[in-house]
Amino acid sequence: MDVNFNKVEFIRSAVSPRDFLRDGLPQLAFAGRSNVGKSSVINRLVNRKNFARVGASPGKTSQINYFRLDGAAYLVDLPGYGYAKVSKAERDRWGRLMEAYFASGLISLGVMIVDARHKPTADDVTMASWFRDTGCPLVVAANKLDKLKKSEIDPNLALIRQTLSLGEGDLLLPFSAEKGVGREDLIGALCASL
Ligand code: GDP
């Protein structure tokens, strides 16, 4: 299905399961470690500078943000994880919200943003397994590609694929929110899931 990613509107933030949207539109759920560039990837996809908030104090907001894409699907921005300076109360709130969302059966497609430079963290591995457990397809975007030397790209992608135990059907796309690399491929994968 063709979706115009320039036609995007913020719908609401959810802080508890009663705020989840359940109107049947497909939900494309974006997850990533704090500071991996998830907001930047989303802004790049929708061609806006400050749509999803870049550099918002990492981990401070345990909320799920819903954006509607061209009346066809929701882009669901899940709260970032792995930020060290977060209180236990905040981490617990994050855990309860995520557990409820992953158990809700509402996810149509998982989009994980990881850092192209590094081996995925233990939190990244957990997140990939949560997506897998829902049975939804998973697309992984390896962001900050512009920070890699050419010779590093293939080995790094192989390490990411291996560490996250990606299957043959799971897409791993090199991406640079900064340069726009991979935008068409990611949009293609999102549209193909609809
Ligand atoms: P979030 O916490 O995952 O939403 O991350 P942000 O989108 O706020 O980005 C964190 C930092 O990484 C910011 O300083 C961004 O400018 C930077 N950043 C994001 N994507 C890229 C990228 O593709 N390349 C480079 N070089 N920097 C990036």
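Phe 67 stands opposite Leu 75 in S4. The model is a predicted one, where local features need pLDDT of at least 70 and side-chain atom pairs pLDDT 80 or more, while totals for chains, interfaces and linings use all residues. Residues are numbered from 1 along each chain as its sequence is written, and side-chain values use heavy atoms, with hydrogens and water left out.

Strand S3 (residues 64–69) and strand S4 (residues 73–77) run antiparallel and are joined by five bridges; strands here are DSSP runs of E, at least two residues long, and helices are runs of H or I of at least four, both numbered from the N terminus. Zooming out, seven strands make an open sheet with mixed pairing, in the order S1-S3-S4-S2-S5-S6-S7 (two strands pair if DSSP finds at least two bridges between them). S1 (8–14) and S7 (171–174) sit at the edges with a single partner strand each, so one side of each has no neighbour in the sheet. On average, neighbouring strands are turned by 25° against each other, direction ignored.

Now for the helices. H2 lies across S1, S2 (27–32), S3 and S4, at about 40° to S3, whereas H3 lies across S2, S5 (109–115) and S6 (138–143), at about 170° to S5. Lying across involves contact, meaning heavy atoms within 4.5 Å; angles run from 0 to 180 degrees between N-to-C directions of axes, which are lines fitted to C-alpha atoms, for helices over the stretch in contact.
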